[in-house]
Amino acid sequence: MTTSLADVASSNVTLRTFLHGLPGVDRVGADQRAAMLGTRSIKTTAKAEAIDLAIRMVDLTTLEGADTPGKVRAMCAKAVHPDPGDPSVPKVAAVCVYPDLVAQAVDALKGSGVKVASVATSFPSGRSSLDVKTTETAFAVAAGADEIDMVIDRGAFLAGDYVKVFEEIVAIKAACGAAHLKVILETGELSTYDNVRRASWLAMLAGGDFIKTSTGKVQPAATLPVTLIMLEAVRDFLATTGRKVGVKPAGGIRTTKDAVKMLVLVNETVGEGWLSPDWFRLGASTLLNDLLMQRQKMATGRYAGPDYFTLD
Amino acid sequence: MSKTERPSRARASAELAAEGPGERAQSRDSVRLAVRKTYKLYIGGAFPRSESGRSYVVTSSKGDFLANASKASRKDARDAVTAARKAFGGWSGATPYNRGQILYRVAEMLESRRAQFVAELSESGTKKAGEVVDAAVDRLVWYAGWADKIAAVTGSTNPVAGPYFNISSPEPTGVVAVVAPDEPLLGLISVIAPVIVTGNTCVVIASERAPLPSITLAEVLATSDLPAGVVNILTGSVKEIAPWLAAHMDVNALDLTGVGDENLAITCEEAAAENLKRVFRPTGADWSADPGTRRLTAFLETKTVWHPTGA
Amino acid sequence: MFEYAPAPESRDVVDIQPSYGLFIDGEFADGTGKSFKTINPASEEVLAEVATASEEDVDRAVRAARKAFGTWSAMPGSERAKYIFRIARIIQERSRELAVLESLDNGKPIRESRDVDLPLVAAHFFYYAGWADKLGYAGYGADPRPLGVAGQVIPWNFPLLMLAWKIAPALACGNTVVLKPAETTPLTALAFAEICRQADLPPGVVNIVTGAGETGAALVNHPDVNKVAFTGSTEVGRQIARSVAGSGKKVTLELGGKAANIVFEDAALDQAVEGIVNGIFFNQGHVCCAGSRLLVQESIATELLEALKRRLGTLRLGDPLDKNTDIGAINSAAQLARIRELSDAGEAEGAERWSPACSLPDKGFWFPPTIFTGVAQSHRIAREEVFGPVLSVLTFRTPAEAVEKANNTPFGLSAGVWTEKGSRILWVASKLRAGVVWANTFNKFDPTSPFGGYKESGYGREGGLHGLEAYLDV
């Protein structure tokens, strides 16, 4: 990062000047660009490759109050062998659980190469003290989490207290230690695309390794235009600072078609440099089975039925 | 089929035959017992019975029993307003082109049910029912075309004396309560179409005497891609329901076309004054005449936008 | 890299006959002129043999139109409306077939014919259908009358859309028409003739005569034509204006352009880049209102050009029927030659030429997306209409300079302005001498919105309430 960019976080005035100096986003134009990319037709071999890549990018997620060790173990088994009947199906990138279930997930995934991600920072609202948030982060990391998905303080962001948002991310990043930090912007609450761009830059300036659209608890979540704007942000951030940041749309990605559209968006906005689980993830739960059904349809030539895929 | 009903059905069938190739088996087959339709209300895209559980007897112009129509209560009216309000955002936000397409689709669906409407109108005493149905279809087509034209005719750019861009355009007023006239199809279409084509939603009290075609029309609306709640149709007592709608604080305008009783009209107008509803109360309706644009403009607001011009 | 596999739209939805005649008085008839071949510009494959209408064929068509005019113009507007609504509906029903046919004959990407051309065609008929019984409300008097027989000549860049722009308002107002499609793209007009039959349109109300310039000249000069409507080059438009001078015929001309697309330093950059791309590479740049002159504020020129070049690298050129193609084929060998000639002139005059790495198919007519930088107002590529995927980039320093450069052309069809500042948009728009100004968007069309040019870009407007005037005796 250049010196001048490091300095922008010194006060709300400088942060505001910088963030509001970013080029605006015209909503209609951004929507139309995303919609146009959504019409790309991905067929045959390209679709087969896209499906396997999408599976490798999945952060298989369960974030329910009713989650239990049993549920997490079952999901971890699915993460390692998404289709028990077909060993050619790749593993997913990671599982994503609440902090108190990280230990179970770590245990269940030992030696598999599938990462364990944990939401932290009083997910999903983020409404607690910084102490609580850093403590929770440290707790998840100590339990073995490889990745932390934090939420930003949307209230502070909307109130214009950018420094508070920035410093919180910096503190959580510090609490992460070696764990990767994904910063959830909760774009559905930020509302405008200008805000999405500004929050993306704020999260990247503060040291986030990934920027992530949503918690999955607020609608709209991972829409195509919002993902497009975040991809443009990581592209421009790399060009400006030399540091590469990943992107994770999460929430509302349910079908293979949704996932393939996301990959098209990546391909035509930032290029192949981001077409890997290291730089692009799909936060989802039901998506995986649809990917498996489409995969089987391509292999057998007939439409698949949900009874033939495990529900874990 | 009851004995008392048979004559009117037979007349309807005879008229049908005269109208074209729409003869039905029932005119030849007197053995099979017909399955009758239950006429219910149309609220929020669904067909509920009145929450009051009431109904009233609807007879043909000869006094023969036709059906028990639902007798809507004030609570049904309240539910209908809620449905209309819920639909307003989406419907007024749809493109005029989209609204025009949907109204045209209603015309297509109405035309495809021509024989059914001719039969029902004949039963309720409408003369030359075939021509009336044709006129109703054409009326829908007329209003469908207005969807994306009314703004060009009633809007303007205003040459204000200063460095400002200034433009006025029409916008729908909101939820409109409509008392439909006793002209069960053409009159009904003529009051509903101009209200909704510009983006308003409505609650309609159907003709009290001949409510059945209005519910059949609801079946047309429900299968024409018209979003649920844009049109809600109540059958029952005008005198009972109209004052509740006239007083409802979430209704923006009132069309009293179908209120013949002078005292009731005054009661409604007075109630409407409370939240300054736009009240439309035309005199002397000739449903066969060129409808003009007054029913469109009656339920439109004009919005003017100023913006500076300067480099 | 994520390579997209070919995703071709099926050709099976269209049934192209080996040969086509003229459509006169509701019937297909042989022409007496020498027939010609129409080809697929993406492969040079012959699609069909098409009749040439001679002067006497044109006369027959005009007479059929004249005969039909009496009943058509006397018919109640509400009945005319229903015919036009029918046409709109049939176009919607057959839209995929027509889109494929358009892409085959014209070379444009199926994505555009499917998502832009065909929806607009149907919408245009739908819109003007609604006017047929409302002419008294359009502000031209209580009962405005039609003109009579309209002779209409349309270009090859949007064959069916230009047909819709011509025929829909003409019929709504009560005129009958004889229309000549371009000789390189006659097929969708002939499919439209069949649609008129499916709609039971009375014979003679629409007549289609195919052929080249001579057929067009015979049509516009026919003494019994009351109205001439032409879309095409300024050069031919000028000839038409000259040849009908003094005849009393009402004329509307929609001609060439050299639109400025002005990008200010405070524009939403990513969307501006999309708008520039859409402005000049939409339909291979075969668009009269294309944003062919990019005027960019000097303070962001480097950044914008870098972003633009990066974006051009993702454009997909190739098979027009592939659903992922962004840039299709150039419509004809003649047009390709003109684009090459002007591009070469640009280089010779000292502008710097750039194209992304892009392999062109062996067969057919192709030209890569091309940018010229360092262009001056005096260069031919800044003044003449290229009508191809070639963008000239110029810079400016102040809003006044941008407007001055934008207006410094004999054309005046369209312009674009990109800034997040509303008052600047409106100020620039008020100063631009152009018939259409797009702000923070480009190449948008709608049947309700009038389109047409200032100066040598022609006269008259098509679309909207204003589009009625061209077909009414007012």
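**Notes on a three-chain model**

Let me start in chain B. Setting aside residues up to four places away in sequence, B:Ala69 touches B:Tyr39, B:Ser55, B:Tyr56, B:Val58, B:Pro211, B:Leu212 and B:Thr235. Contact here means that two C-beta atoms, placed from the backbone, lie within 7 Å. B:Ala69 sits in strand E2 of chain B, residues 65-70. Helices (H or I, at least four residues) and strands (E, at least two) are DSSP runs, numbered from the N terminus. B:Ala69 counts as buried because it has 25 C-beta neighbours inside 10 Å. The cut-offs are these: 20 or more other C-beta atoms within 10 Å of a residue's own make it buried, 12 or fewer make it exposed, and anything in between is partly exposed, with C-beta atoms placed from the backbone. B:Leu185 is 116 residues from B:Ala69 in sequence, and their C-alpha atoms are 17 Å apart in space.

Some housekeeping. This is a predicted model, in which local features need pLDDT of at least 70 and side-chain atom pairs count only at pLDDT 80 or more, while totals for chains, interfaces and linings use all residues. Residues are numbered from 1 along each chain as its sequence is written, and chains are lettered from A and ligands numbered from 1 in the order in which they are written.

Now, which chains touch? Chains A and B do not touch, and their nearest C-alpha atoms are 15 Å apart.

On to chain A. It has 14 helices and 8 strands. Its radius of gyration is 19 Å, close to the 20 Å that the globule rule gives for 312 residues, so chain A is as compact as a globular protein of that length. That radius is taken over C-alpha atoms, and the rule is 2.2 Å times the number of residues to the power 0.38. The C-alpha trace of chain A spans about 60 × 45 × 30 Å along its principal axes. Of its 312 residues, 54% count as buried. Taking contacts in chain A between residues at least 6 apart in sequence, 74% join residues at least 24 apart.

One helix of chain A, in more detail: H4, residues 44-57. Buried residues in H4(A) include A:Ala46, A:Ala50, A:Leu53 and A:Met57. An α-helix has 3.6 residues a turn, so residues three or four places apart point the same way. Among the elements covering the buried residues of H4(A) are strand E1 (58-61), helix H13 (256-269), strand E8 (282-284) and helix H14 (287-300) of chain A.

What does chain A bring to its contact with chain C? It gives 22 residues, and chain C gives 20. On the chain A side, helix H3 (27-37), H4 and H13 each give two or more residues. H3(A) has the largest share, with 4 residues. By class, that side divides into 8 nonpolar, 7 polar and 7 charged. Ala, Val, Leu, Ile, Met, Phe, Trp, Tyr, Cys and Pro count as nonpolar, Asp, Glu, Lys and Arg as charged, and the others, Gly among them, as polar.

That leaves chain C, with 14 helices and 18 strands. A compact globule of 474 residues would have a radius of gyration near 23 Å, and the 22 Å of chain C agrees. Of those 474 residues, 61% count as buried.

Chain C is divided into domain 1 (11-255 + 454-471) and domain 2 (260-439), with bounds from an automatic or database domain assignment. Their centres, taken over C-alpha atoms, are 30 Å apart. Across the boundary, 23 residues of domain 1 are in contact with 27 residues of domain 2.

Finally, the annotation. UniProt, in an unreviewed entry, lists C:Glu254 under "active site"; its positions are given in the numbering used here, feature names are shortened, and annotations may be inferred rather than shown by experiment. C:Glu254 lies in strand E10 of chain C, residues 250-254. Is this residue buried or exposed? C:Glu254 is buried, with 28 other C-beta atoms within 10 Å. Beyond its neighbours within four places in sequence, its contacts include C:Thr231, C:Cys288 and C:Glu462.
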